Amino acid sequence: MYIFKKFKKAILPIALSSSVIGLAGCSAGGTKYISSKAGDVTEKDIVESIGASQLSKTATSMMIQKVLLDKYKGKINEKAIEEQLQKAQTQYGGKEKFEQLLKQQGFTLDKYKDGLKVKAAQTLLINDYNGVNEDKLKESYEKNKHQYHLAHILISVKSDSNPNGLSDEDAKKKAEELHKKIKDGEDFATLAKENSNDTANASNGGDLGWSSKEDNSFVKEFKEAAYALTKDKVSDVVKTSFGYHIIKVLDEKDATFDEMKATLAEKAAEEAVKKDSTVVSKALKKLFEEYNVKSSNKDVEAYLKSMLEGTNSGQ
């Protein structure tokens with residue numbers, strides 16, 4: 001249920017909704033999509049080919065979106081949505097390339113944006129169900145407001161999971177040589193682009209983005225070294241299970257609550273799902289009761305029941 005974490009998951013539910021369900025209400029036969037001497041392909045044929053299971057799933061997905069967006073209209077942070085959209089465009093090579101990618105999947109920028117709004121509404125739903133209000137988000141904010149913008153250079157060590165790494169001795173030696181170059185005034189970002197083995201960020205100069213001491217995904221040795229630094233400072237060579245790192249704090253700041261609110265809310269919802277995998281089904285069941293959601297179609301009704309009872313993942 002907790003969709004939209006990755007690009008493809010973000011766009012598929014709505015893409016299905018606009019294409020499949022448009023066919024589901026057709027009359028017998030319906031529009032002829034293709035004709036031939038051998039016979040026609042009609043809307044009815046397509047619906048039957050797709051099957052009751054997929055139609056039930058897509059109908060439910062559409063209803064979830066409708067109800068969520070109605071329930072939380074006016075409460076979704078439009079600024080945060082725009083920021084997420086800009087981030088996605090940057091990640092996929094700019095607005096033009098991003099739109100081309102969407103078009104290849106029968107999608108539009110507006111529909112993608114709608115998907116981001118559904119994700120935001122789902123976050124609000126989970127947090128409402130768990131009683132996570134603004135006061136609780138502010139408690140989390142106080143722990144995380146001091147933010148560090150980190151970058152690193154990784155020289156990986158050969159292992160079973162990384163057969164292309166260097167020996168421990170060679171990796172350490174190379175890291176120490178790079179560390180000396182940085183101390184002698186060479187550009188950190190350039191050295192990261194040319195030498196770092198962290199393919200996720202090497203091309204961006206080793207940029208790891210913003211994080212806090214309380215909320216980060218780094219291993220112990222890394223975080224102890226990173227968060228002891230101040231702006232523009234560079235760590236000594238740090239060894240972790242991944243290899244040898246050189247870490248730099250590019251910047252640090254006290255973020256405002258408004259800047260962090262959307263991220264804190266999403267984090268709270270994610271943590272709730274980790275603690276109780278049925279929380280989304282429970283929250284949706286309560287919401288569906290409020291909105292009197294029901295179906296006269298036995299397949300859809302069965303699917304709804306299994307989803308709300310937590311025996312079906314829903315999306």
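This is a predicted model: local features need pLDDT of at least 70, side-chain atom pairs count only at pLDDT 80 or more; totals for chains, interfaces and linings use all residues.
In strand E6, tyrosine 244 is the bridge partner of lysine 239.

Now the whole sheet. Four strands make it up, it is open, and the order is E4-E3-E6-E5 with antiparallel pairing. Which strands are at the edges? They are E4, residues 207-211, and E5, residues 238-240, and each of them pairs on one side only. On average, neighbouring strands here are turned by 40 degrees against each other, ignoring direction. There is also a helix on this sheet: H9, residues 188-195, packs on it and touches E3, residues 146-156, as well as E6. The direction of H9 makes about 40 degrees with that of E3.

Next, one histidine. Histidine 179 sits in helix H8, which spans residues 168-183. Is histidine 179 buried or exposed? Its relative accessible area is 13%, and the cut-off for buried is under 20%, so histidine 179 counts as buried. Leaving aside residues up to four places away in sequence, histidine 179 touches Val234, Ser235, Asp236, Val237 and Ile246.

Now the nonpolar cores. The largest has 31 residues, and those touching the most other members are Leu68, Phe98, Tyr112, Leu125, Leu284, Phe288 and Met307. Helices H3 (52-71), H4 (78-91), H5 (95-104), H6 (109-129), H11, H12 (279-290) and H13 (298-308) are the elements giving two or more residues to this core. Which of them gives the most? H6 does, with seven residues. Another core, of 14 residues, lies apart from the largest one, and its members include Ile153, Ile155, Phe188 and Ile246.

Last, a helix pair. H7, residues 134-144, packs against H11, residues 257-275, with the axes 9 Å apart and an angle of about 105 degrees. Angles of 65 to 115 degrees count as roughly perpendicular, so that is how H7 and H11 lie to each other. On the H7 side the contact is made by Glu134, Leu137, Lys138, Ser140, Tyr141 and Asn144. H11 brings Phe257, Met260, Lys261, Leu264, Ala265 and Ala268. Sorted by class, this contact has seven nonpolar, two polar and three charged residues.

Technical notes. Residues are numbered from 1 along each chain as its sequence is written. Side-chain values use heavy atoms; hydrogens and water are left out. Axes are lines fitted to C-alpha atoms, for helices over the stretch in contact, and angles run from 0 to 180 degrees between N-to-C directions. Angles under 35 degrees count as roughly parallel, over 145 as roughly antiparallel, 65 to 115 as roughly perpendicular and the rest as oblique. Contact means heavy atoms within 4.5 Å. Ala, Val, Leu, Ile, Met, Phe, Trp, Tyr, Cys and Pro count as nonpolar, Asp, Glu, Lys and Arg as charged, and the others, Gly among them, as polar. A nonpolar core is a set of buried Ala, Val, Leu, Ile, Met, Phe, Trp, Tyr and Cys residues joined through side-chain atoms within 4.5 Å. Buried means under 20% relative accessible area, exposed over 50%, partly exposed in between (1.4 Å probe, protein chains only). Two strands pair if DSSP finds at least two bridges between them.
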